[in-house]
Amino acid sequence: MEYVPGNASGHRARLRQRLFDGGPKALLDHELVEYLLALAIPRRDTKAQAKALIAQFGGIGPLLSADPESLKREGLSDGVVAALKIAEATAHRLLEARLEDRPVLSSWDALQDYLRAAMAHSPVEEVRVLFLNAKNMLIANEAMWRGSVDEASMHVREVMKRAMAHGATAIIIVHNHPSGDPTPSQADIKLTRELVEAGRHMKVTVHDHVIVGTRGQSSLRTMGLM
């Protein structure tokens with residue numbers, strides 16, 4: 001790639017000013033990535049590389065959500081990978097902050113935004129549980145396991161054990177479908193019903209099981225499946 005320090009610095013100054021004047025939506029996806037790359041590669045034109053990375057990973061969401069090893073396989077340095085991952089971490093923290101100090105059930109839009117950012121683009125199925133107190137305030141947000149939910153009975157014991165450890169009175173279980181389709185499987189439904197039954201005995205309410213995909217989200221409670 002050709003080095004053009006003068007042109008590159010002027011272009012980045014214009015991007016920076018557009019960001020200052022117009023806010024986050026003032027820049028296109030590839031321009032956001034271009035600027036991130038420029039933080040780690042200050043003397044190189046990064047526009048073409050930003051576009052190529054977005055095309056390779058299928059969008060800015062999958063790019064930022066990619067694991068470090070996948071990014072390194074594309075020839076990215078540790079500094080570039082760190083710039084991308086710090087952007088992802090910052091986005092998650094910002095969305096998590098919208099859930100703090102308020103009842104989760106009355107902040108459902110904020111919860112969905114956070115779950116979509118945190119899980120929709122993951123290439124691996126993962127399950128996290130939100131543990132709530134009696135006022136439905138968030139106590140803990142834990143990634144419980146990665147992979148299939150088929151071993152429902154084992155997972156139920158794990159979840160209830162953590163609920164007791166946190167003193168939680170309610171939970172929301174969430175997992176992603178890497179296929180993008182949020183339609184619940186029979187294993188999803190089975191796990192949910194076993195959690196509801198176990199929760200009755202432990203005095204832990206299961207508010208919902210939310211499935212996240214790139215094509216949307218499904219709530220098993222809304223669908224009448226729990």
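1. The chain's secondary structure comes to nine helices and five strands. Helices here are DSSP runs of H or I with at least four residues, and strands are E runs of at least two, numbered from the N terminus. Along the sequence the pattern reads α-α-α-α-α-α-α-β-β-α-β-α-β-β. The C-alpha atoms fill a box of roughly 70 × 35 × 30 Å along the principal axes.

2. This is a predicted model: local features need pLDDT of at least 70, side-chain atom pairs count only at pLDDT 80 or more, and totals for chains, interfaces and linings use all residues. Residues are numbered from 1 along each chain as its sequence is written, and side-chain values use heavy atoms, with hydrogens and water left out.

3. Look at one helix pair. Helix H2 (residues 29-40) and helix H3 (residues 47-57) have axes that come within 8 Å and cross at roughly 120°. That makes H2 oblique to H3. Under 35 degrees counts as roughly parallel, over 145 as roughly antiparallel, 65 to 115 as roughly perpendicular, and the rest as oblique. Axes are lines fitted to C-alpha atoms, for helices over the stretch in contact, and angles run from 0 to 180 degrees between N-to-C directions.

4. Which residues of H2 meet H3? They are Asp 29, His 30, Val 33, Glu 34 and Leu 37. On the H3 side are Lys 47, Gln 49, Ala 50, Lys 51, Leu 53 and Ile 54. Contact means heavy atoms within 4.5 Å. By class, this contact has five nonpolar, two polar and four charged residues. Ala, Val, Leu, Ile, Met, Phe, Trp, Tyr, Cys and Pro count as nonpolar, Asp, Glu, Lys and Arg as charged, and the others, Gly among them, as polar.

5. Now the largest pocket. About 970 Å³ of space lies in it. A pocket is an open set of points on a 1 Å grid over the protein atoms alone, where a 1.4 Å probe fits, with protein on both sides within 12 Å along at least five of seven lines; lining residues have an atom within 4 Å of a point. Volume is the space filled by probe spheres set on the points, which are joined across faces, edges and corners.

6. Of the 27 residues lining the largest pocket, Leu 32, Ile 60, Leu 64, Ala 87 and Ala 91 are closest to its centre. H6 gives the largest share of this lining, seven residues. The lining divides into 14 nonpolar, nine polar and four charged residues.

7. The second largest pocket has a volume of about 180 Å³. H6 again gives the most to the lining, with three residues. Here the classes are four nonpolar, three polar and six charged.
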